[in-house]
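This report covers the fold, the surface and a few selected elements of the structure shown below.

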Number of protein chains: 2
Amino acid sequence: MARLRDIVIDCARPAATARFWAAALDGYAVAPYDEAELARLRALGVAGPDDDPTVLVEPSGGGPRVWCQLVPESKSGKNRLHLDLLAEDPEEETGRLVGLGASVLARHEDHHVLADPEGNEFCLFPAR
Amino acid sequence: MARLRDIVIDCARPAATARFWAAALDGYAVAPYDEAELARLRALGVAGPDDDPTVLVEPSGGGPRVWCQLVPESKSGKNRLHLDLLAEDPEEETGRLVGLGASVLARHEDHHVLADPEGNEFCLFPAR
């Protein structure tokens with residue numbers, strides 16, 4: 001059998017997208033850069049974490065990691081996979097996420113459709 | 001803050017895609033159909049679980065659920081989001097997943113790139 005390990009998001013700006021998802025998701029944070037990580041970046045010839053082509057967002061508890069990886073192509077059309085999130089107060093949370101760089105695509109009776117700063121669609125439902 | 005609840009996959013055949021992911025992922029199973037679910041299907045005017053436009057794959061432990069939902073449009077290009085899976089023996093697991101309907105897109109030194117029966121790309125890494 002296989003275990004779910006990562007949700008990988010193709011990005012134009014991995015570091016910024018990773019910071020968005022780390023701030024959006026409860027218990028998630030951008031993985032800290034240690035000497036080994038910085039050596040990896042130097043070997044790639046990039047200046048630092050903000051130019052890192054693959055940025056990891058890790059949960060403190062269980063759940064999959066979120067990898068933001070640089071790709072040359074841009075987003076085209078609606079994503080075939082998307083994430084559904086829960087929030088205690090979706091209206092307030094929508095405001096918070098918009099403050100982090102999300103945009104609101106649609107407001108439905110039972111959920112909102114938003115997009116991250118790169119346009120990746122996700123839905124926000126009330127936690128019940 | 002928001003919590004990750006579901007990974008949603010747009011599908012042409014939600015029930016078949018859900019069965020694939022339930023069989024692929026350790027601890028996941030298609031959510032059982034009870035009377036309320038069957039009443040929901042009747043209200044939608046569909047015959048039964050195999051025509052259900054939204055099929056849920058649930059973990060027995062933690063982790064996000066996988067929702068397979070019917071969409072009218074077909075897959076176009078490489079997915080912007082994909083899943084990374086871990087397996088103790090990636091070679092053996094690749095064979096098992098191909099037996100379930102996956103296809104192998106590429107074999108790299110440290111991982112294989114596969115696609116589910118609807119062509120959704122995912123990667124399989126060795127569990128270390």
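A residue is called buried when its relative accessible area is under 20%, exposed when that area is over 50%, and partly exposed in between, with a 1.4 Å probe and protein chains only. By this criterion, 45% of the 128 residues in chain A are buried. The model is predicted: local features need pLDDT of at least 70, side-chain atom pairs count only at pLDDT 80 or more, and totals for chains, interfaces and linings use all residues. Residues are numbered from 1 along each chain as its sequence is written, chains are lettered from A and ligands numbered from 1 in the order in which they are written, and side-chain values use heavy atoms, leaving out hydrogens and water.

Chain A contains 3 helices and 8 strands, where helices (H or I, at least four residues) and strands (E, at least two) are DSSP runs numbered from the N terminus. Along the sequence their order is β-α-β-α-β-β-β-α-β-β-β. The radius of gyration of chain A, 15 Å, is close to the 14 Å that the globule rule gives for 128 residues, so chain A is as compact as a globular protein of that length. That radius is taken over C-alpha atoms, and the rule is 2.2 Å times the number of residues to the power 0.38. Along the principal axes, the C-alpha atoms of chain A fill a box of roughly 50 × 35 × 30 Å.

A contact means heavy atoms within 4.5 Å. Of the contacts in chain A with a separation of 6 or more, 59% are between residues 24 or more positions apart.

An automatic or database assignment sets the domain bounds. Chain A is divided into domain 1 (1-71) and domain 2 (79-128), and their centres, taken over C-alpha atoms, are 21 Å apart. Across this division, 12 residues of domain 1 of chain A are in contact with 12 residues of domain 2 of chain A.

In H1(A), the buried residues include Phe20(A) and Trp21(A); in H1(B), Phe20(B) and Trp21(B) are among them.

Leu41(A) lies in helix H2 (residues 35-44) of chain A. Leu41(A) counts as buried because its relative accessibility is 1%. Leaving aside residues up to four places away in sequence, Leu41(A) touches Tyr33(A), Val46(A), Gly48(A), Pro49(A) and Asp52(A). Ala23(A) is 18 residues from Leu41(A) in sequence, and their C-alpha atoms are 23 Å apart.
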